[in-house]
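User: I would like to learn how to read this model feature by feature. Please give me the general idea first, then the case here.

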Amino acid sequence: MKNRKAAFERFVYGVFLLIGLVTVGCVLLITVYLVIAGLPAIREIGLVQFLFGKVWASTAAEPSYGILPFILTSVYGTAGAIVIGVPVGFLTAVYLAKLAPKGVKSAVGTAVSLLAGIPSVVYGLVGMIVLVPAIREAFRLPDGASLFAAILVLAVMILPSIVKVSVTALEAVPKEYEDASLSLGATPVETYFSVSVPAAKSGIAAAVVLGVGRAIGEAMAVMMVCGNVANMPSLFGSVRFLTTAVATEMSYSSGLQRQALFSIALVLFLFIMLINACLNFFLKRDKEGAK
């Protein structure tokens, strides 16, 4: 009986190990493919010209492949979505996890889950039909398709990831922590923000990372509301993101243009990796400082 149990445990361990290796292998394959497909264009165009060039004219008689407008637009758009979405999502998560009555928590939780299940194209369609005309009329612009519209759409799209993961992290905080704080005279709200939130910091940080990944990697919804023009970014001007640049031109690209699009995908991939690495570094430093 013991031998069977040990054999079963070894089998389960092997299955989990295999699944983990497959996951790591998929990431490595994607990385290698993007590097192989993207480096030739960077070599031919030049790294400085590719990253810091301000003109993207891939179909012109004399093509230019500068992606600085795409990089800055993606950075500004993601930052704007985080500035709007993270506080709203975080405060919603604290309310749902600690303050909301059961009925309200169930209703809002269901609504958040529905938001997570809505396809990107639906967000883009609603933004194009409702949000873009509203921005045009409110600010008296020639066209409401702009970076501002994209920021608002992305802020809504990242809410489900931030809310659901943060709620899970906050609910996992041991109740003894909160009881000890309350027994020392702290109010419930003080306890939640001074004890529960710091204890759930790693989970909330993971929620923010998921939100950043969703914002910086979104293409379809952004394409429908940003104007999709390769301009230097301005809040109420038509812009193009890194993701929309790839999605827009990949279907008819060839030669150096196609290789340049793979280089854009490589830059986008490195952005996400850099964000994850920086966040893990700061979290690890905070844990070591706490010790």
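Analyst: Start with helices and strands. They are DSSP runs, numbered from the N terminus: helices are H or I over at least four residues, strands are E over at least two. This is a predicted model, where local features need pLDDT of at least 70, side-chain atom pairs count only at pLDDT 80 or more, and totals for chains, interfaces and linings use all residues. Residues are numbered from 1 along each chain as its sequence is written, and side-chain values use heavy atoms, with hydrogens and water left out.

User: How many helices and strands does the chain have?

Analyst: The chain has 12 helices and two strands. Along the sequence the pattern reads α-α-β-β-α-α-α-α-α-α-α-α-α-α. The C-alpha atoms fill a box of roughly 70 × 60 × 35 Å along the principal axes.

User: What share of the residues counts as buried?

Analyst: Take the cut-offs before the number. Buried means under 20% relative accessible area, exposed means over 50%, and partly exposed lies in between (1.4 Å probe, protein chains only). Of the 291 residues of the chain, 38% count as buried.

User: At what angle do α3 and α6 pack?

Analyst: The convention first. Axes are lines fitted to C-alpha atoms, for helices over the stretch in contact, and angles run from 0 to 180 degrees between N-to-C directions. Helix α3 (residues 68-99) and helix α6 (residues 147-171) pack at about 35°, with axes 6 Å apart.

User: Which hand does the crossing of α3 and α6 have?

Analyst: Look at the near helix. If it is turned clockwise from the far one by less than a right angle, the crossing is right-handed; if anticlockwise, left-handed. α3 passes α6 in a right-handed crossing. The residues of this contact divide into 22 nonpolar, seven polar and two charged. In that count Ala, Val, Leu, Ile, Met, Phe, Trp, Tyr, Cys and Pro are nonpolar, Asp, Glu, Lys and Arg are charged, and the others, Gly among them, are polar.

User: How many salt bridges does a search of the whole structure find?

Analyst: A salt bridge is a side-chain nitrogen of Lys or Arg within 4 Å of a carboxyl oxygen of Asp or Glu. The search finds five. One of them joins K98 and E178, with the closest N and O atoms 2.6 Å apart. This pair links distant parts of the chain: K98 is in helix α3, E178 is in helix α7 (residues 175-183), and they are 80 residues apart.

User: Are K98 and E178 buried or exposed?

Analyst: Both K98 and E178 are buried. Now take K105 and E171, whose side chains meet in a salt bridge at 2.3 Å, N to O. K105 is in helix α4 (residues 102-117) and E171 in helix α6, 66 residues apart, so this pair too links distant parts of the chain. K105 counts as partly exposed at 29% relative accessibility. E171 is also partly exposed, with a relative accessible area of 42%.

User: How many residues apart are D179 and K175 in helix α7?

Analyst: D179 and K175 are four residues apart, and are therefore separated by about one helical turn. Their side chains meet in a salt bridge (3.1 Å, N to O). D179 is partly exposed at 36% relative accessible area, whereas K175 is exposed at 56%.

User: Which residues form the nonpolar patch on the surface?

Analyst: Patches are made of residues with over 30% relative accessible area and no salt bridge; like charges are joined within 9 Å, nonpolar side chains (Val, Leu, Ile, Met, Phe, Trp, Tyr) within 5 Å. Areas come from the Shrake-Rupley method with a 1.4 Å probe; for residues, only the protein chains shown count as cover. Here I118, V121, V122, L125, V126, M128, I129, V130 and M220 form the patch, with about 730 Å² of accessible area together. Helix α5 (residues 120-139) gives the most, with seven residues. V126 has its place in helix α5.

User: Why can V126 count as partly exposed?

Analyst: Because its relative accessible area is 47%.

User: What is the phi of R140?

Analyst: R140 has a positive phi of about 55° although it is not a glycine. R140 lies in the loop between α5 and α6 and counts as exposed at 76% relative accessibility. N228 also has a positive phi of about 55° and is not a glycine. N228 is in the loop between α10 (220-225) and α11 (242-249). At 17% relative accessibility, N228 counts as buried.
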